[in-house]
Every structure is written in C-alpha cells, then in structure tokens.
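Take a look at the chain below.

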Amino acid sequence: MGLLDSIVSQAFRDEQSGRVVVFSGDRRNRGYIVRSGDDELKIRSFLKMFYFAHFSIVLLGMLVANSWATFFINIHAFGKPAAHLLRSGSIYFGIYGLLVGVPYSLLWRSYKKALFSFVSAQDEVLISGNIARRRPWSVIAGLTALGALILIAGILFLIRAK
C-alpha cells in the first residue's frame with residue numbers, strides 16, 4: 001500500500017489556513033480545509049479506494065484488451081499481424097477504449113459526486129502555488145518503464161512470426 005499512500009499523501013498540504021486537501025481533477029488553486037483528524041482519515045480512505053479502483057480498471061482493462069485483441073487479430077480472416085500493424089493497434093485501442101472508457105467514466109462521475117460529501121463549499125480556500133509538492137518520481141518512472149515493457153512485449157507478441 002506504499003504506492004497508494006504516497007499518491008494520497010500528495011493531496012494533503014499544510015497551508016496558512018490549516019490542513020488542506022486538494023482533489024485531483026479540480027482547479028489547481030483550490031483546496032478545502034480539513035476540519036479534524038477523523039475527516040482526514042475518511043478522505044484518505046476514500047482516495048485510496050478511488051485510486052485502487054482507478055488502477056484496477058486501467059491495468060485489468062489493458063490485460064483483457066490485449067488478450068481479446070490477440071484473439072481477434074490471430075483469426076485467419078484478418079491475415080498476419082506483422083503485415084497489418086496499424087490495424088492490430090486500432091483493434092487493441094478500440095477494445096481498450098470500450099473496456100476502460102465506460103467503467104472509468106462511471107468511476108469518475110461517482111468520484112466527482114462524492115467529493116462534496118467529505119468537504120463543504122464554505123471550506124474552500126485558495127492555495128499558494130509556491131509550495132513544492134513531493135512527487136514520487138522514482139515510482140512514476142518505474143511504472144512508466146513497466147508500462148513501456150508491457151507495451152513492447154505486447155507488440156512483439158502480436159507481430160511474432162508463426
């Protein structure tokens with residue numbers, strides 16, 4: 001859970017007005033005051049649940065889309081994938097768009113609706129832009145490298161010689 005904790009901890013800041021939470025997908029200079037430690041724990045657990053669902057949808061969608069695209073591409077009616085890389089990629093991204101796009105849009109809509117159950121509009125404050133945020137660059141770089149390796153392995157698997 002270290003990855004989720006580091007991502008969720010980026011949403012919380014100490015400002016002049018007190019402890020502030022900044023939700024992703026919101027305006028950059030707007031935050032909400034967290035009134036108590038219990039409220040912060042509730043918001044943290046909600047954000048962990050959201051990010052876990054987010055990563056699950058994206059990663060499982062990628063795996064299922066890869067396997068379904070491999071199945072459809074390797075049907076003999078479509079020909080060899082090496083000769084039709086653009087068509088193979090289009091099939092993958094079409095399946096990925098359906099498998100991930102619909103559930104993710106529903107997740108995002110429920111996320112936006114649930115935000116104001118944790119904070120109120122009266123608690124909105126402007127945040128300063130000069131506070132350096134801690135970002136886990138090593139985690140982001142590692143996940144990017146892992147995604148690139150999976151993508152390259154998927155492409156090589158699709159265009160392998162038979």
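## The hairpin

β1 and β2 make a hairpin, and two residues sit between them. This comes from a predicted model. Strand β1 covers residues 12-15, and strand β2 covers residues 18-21. The two strands pair in the antiparallel sense. Four bridges join them. Take F12 as an example: its bridge partner in β2 is V21.

## The second largest pocket

Now turn to the second largest pocket. It holds about 430 Å³ of space. Its lining counts 16 residues. Nearest its centre lie V58, L59, M62, L143 and G147.

Which helices supply at least two residues each to this lining? They are α1 (2-9), α2 (37-73), α3 (85-114) and α4 (137-158). What is the make-up of the lining, sorted into nonpolar, polar and charged? The residues divide into 14 nonpolar and two polar, with no charged ones.

## A69 in helix α2

Helix α2 also contains A69. Is A69 buried or exposed? Its relative accessibility is 0%. Buried means under 20%, so A69 counts as buried.

Which residues does A69 touch, leaving aside those up to four places away in sequence? The contacts are I91, Y92 and I95. A69 and G94 are 25 residues apart in sequence. In space, they are 9.1 Å apart, C-alpha to C-alpha.

Key: Residues numbered from 1 in each chain as written. Predicted model: local features only at pLDDT ≥ 70, side-chain atom pairs only at ≥ 80, totals over all residues. Heavy atoms only, no water. 1 Å grid on protein atoms, 1.4 Å probe; cavity = no way out; pocket = protein on both sides within 12 Å on 5 of 7 lines; lining within 4 Å. Points joined across faces, edges and corners; volume = space filled by probe spheres on them. Nonpolar A, V, L, I, M, F, W, Y, C, P; charged D, E, K, R; others polar. Pairing = 2+ DSSP bridges. Buried < 20%, exposed > 50% of the residue type's maximum accessible area, 1.4 Å probe, protein only. Contact = heavy atoms within 4.5 Å.
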